[in-house]
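Please keep the sequence and the model in view while reading.

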Amino acid sequence: MIGSLDKIYLGETIDVQDIDDWTKRDRRKPYADSKKGMLPPKVARMMVNIGTGNTSKTVYDPFCGTGTVLLEGLMTGHDVVGSDIDGRATAGAEKNIEWLRDQYDVTGEAKLFFSDATQVAKLQELRENPVDVIVTEPFLGKPKPQFKELNNVFKGLEKMYLGAFKAFREVLKGGGKIVIVFPMVETPKKTYDLAKLIDKLEQLGYTTTSEPVVYARFGAVVQRQIIVFTLNKK
Ligand SMILES: C[S@@+](CC[C@H](N)C(=O)[O-])C[C@H]1O[C@@H](n2cnc3c(N)ncnc32)[C@H](O)[C@@H]1O
């Protein structure tokens, strides 16, 4: 209660975040890979919430890395599927999920596959059981690229993202959402991003209705744009 002589303000605490618990999932899980960069659990949680709308879903991360999205998906009561092109990442994510089950009361199912994201349409299990939502932070290029490399870096990333979105059509339910990180680099002369890709994705049946939300740590060269797409299948 805050008071002055003529006014009294009353406030109600409706929620309190357990900061230590977020730090535990950020820093104390057994497998980490700081070279590839890891999504902060709070950002992963927001992305999962946006994708699922809090109803029970199967959440798929095709660039799962250490499994941050998968862990937050399990924490919020969903089933999760992860895959990555790096076998150390899928093994590490599996270890982190075992650790999570040990630390918390989570009961959702978890499945992991070793796959290039552009080739996930070949995963028979996913083709037969399409997922409800994809939540992912793909490869974003080197954390500190030189300005002269950026044209090529973004060309390569655009090709990989496009290939991945083509494959996602085969493993995501119609009407399903994709909550995804796009990279962005601002230089004094130009901003590099994947904005042009959005038009190409429209031709594949993906629509986006909201402006990208930028998330970046202070001083980071590669910033993250979080974008939400919906897949329309005819
Ligand atoms: C930025 S990291 C994701 C980090 C993850 N969000 C985490 O918190 O640990 C990108 C991941 O994409 C994987 N990767 C890179 N190219 C890929 C591809 N073509 N298909 C699937 N995974 C790929 C890398 O091995 C890496 O684990």
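## Helices α3 and α4

Helices α3 and α4 are roughly parallel to each other, a term that applies to angles under 35 degrees, whereas angles over 145 count as roughly antiparallel, 65 to 115 as roughly perpendicular and the rest as oblique. Helix α3 covers residues 68–75 and helix α4 residues 87–103, and their axes come within 10 Å and cross at roughly 25 degrees. The crossing of α3 and α4 is right-handed; a crossing is called right-handed if the near helix is turned clockwise from the far one by less than a right angle, and left-handed if anticlockwise. In this packing Leu70, Leu71 and Leu74 of α3 meet Ala93, Asn96, Ile97 and Leu100 of α4, where contact requires C-beta atoms, placed from the backbone, to lie within 7 Å. The residues of this contact divide into 6 nonpolar, 1 polar and no charged, with Ala, Val, Leu, Ile, Met, Phe, Trp, Tyr, Cys and Pro counted as nonpolar, Asp, Glu, Lys and Arg as charged, and the others, Gly among them, as polar.

The model is predicted: local features need pLDDT of at least 70 and side-chain atom pairs count only at pLDDT 80 or more, while totals for chains, interfaces and linings use all residues. Residues are numbered from 1 along each chain as its sequence is written. Helices (H or I, at least four residues) and strands (E, at least two) are DSSP runs, numbered from the N terminus. Axes are lines fitted to C-alpha atoms, for helices over the stretch in contact, and angles run from 0 to 180 degrees between N-to-C directions.

## Helices α2 and α3

Helix α2 (residues 41–52) also packs against α3, with the two axes coming within 9 Å and crossing at roughly 60 degrees. That angle makes α2 oblique to α3, and α2 passes α3 in a right-handed crossing. From α2, Pro41, Ala44, Arg45, Met47 and Val48 meet Thr68, Val69, Glu72 and Gly73 of α3. This contact has 5 nonpolar, 2 polar and 2 charged residues.

## Helices α6 and α7

Helix α6 (residues 150–171) and helix α7 (residues 195–203) pack at an angle of about 25 degrees, with their axes 11 Å apart. These two helices are therefore roughly parallel to each other, and their crossing is right-handed. Glu158, Tyr161, Leu162 and Phe165 in α6 meet Leu197, Lys200 and Leu201 in α7. By class, this contact has 5 nonpolar, no polar and 2 charged residues.

## Strand β11 and its partners

Strand β11 (residues 222–231) pairs in the antiparallel sense with strand β7 (residues 172–186) over 9 bridges, where pairing requires that DSSP finds at least two bridges between the strands. Within this pair, lysine 177 stands opposite threonine 230 in β11. Strand β9 (residues 206–207) pairs with β11 in the antiparallel sense over 2 bridges, and tyrosine 206 has leucine 231 of β11 as its bridge partner.

Strand β10 (residues 213–215) is likewise antiparallel to β11, over 3 bridges, and valine 214 has glutamine 225 as its bridge partner in β11. Together β10 and β11 form a hairpin with 6 residues between them, and glycine 219 in the turn has a positive phi of about 85 degrees.

## The ligand shell

The ligand is surrounded by 21 residues, of which the closest are Phe63, Gly65, Thr66, Thr68 and Ala117; a residue belongs to this shell if its C-beta atom, placed from the backbone, lies within 6 Å of the molecule. By class, the shell has 11 nonpolar, 5 polar and 5 charged residues. Thr68 is among the closest residues to the ligand, and Thr68 is also one of the α3 residues in the contact with α2.

Technical notes. Contact = placed C-beta atoms within 7 Å.
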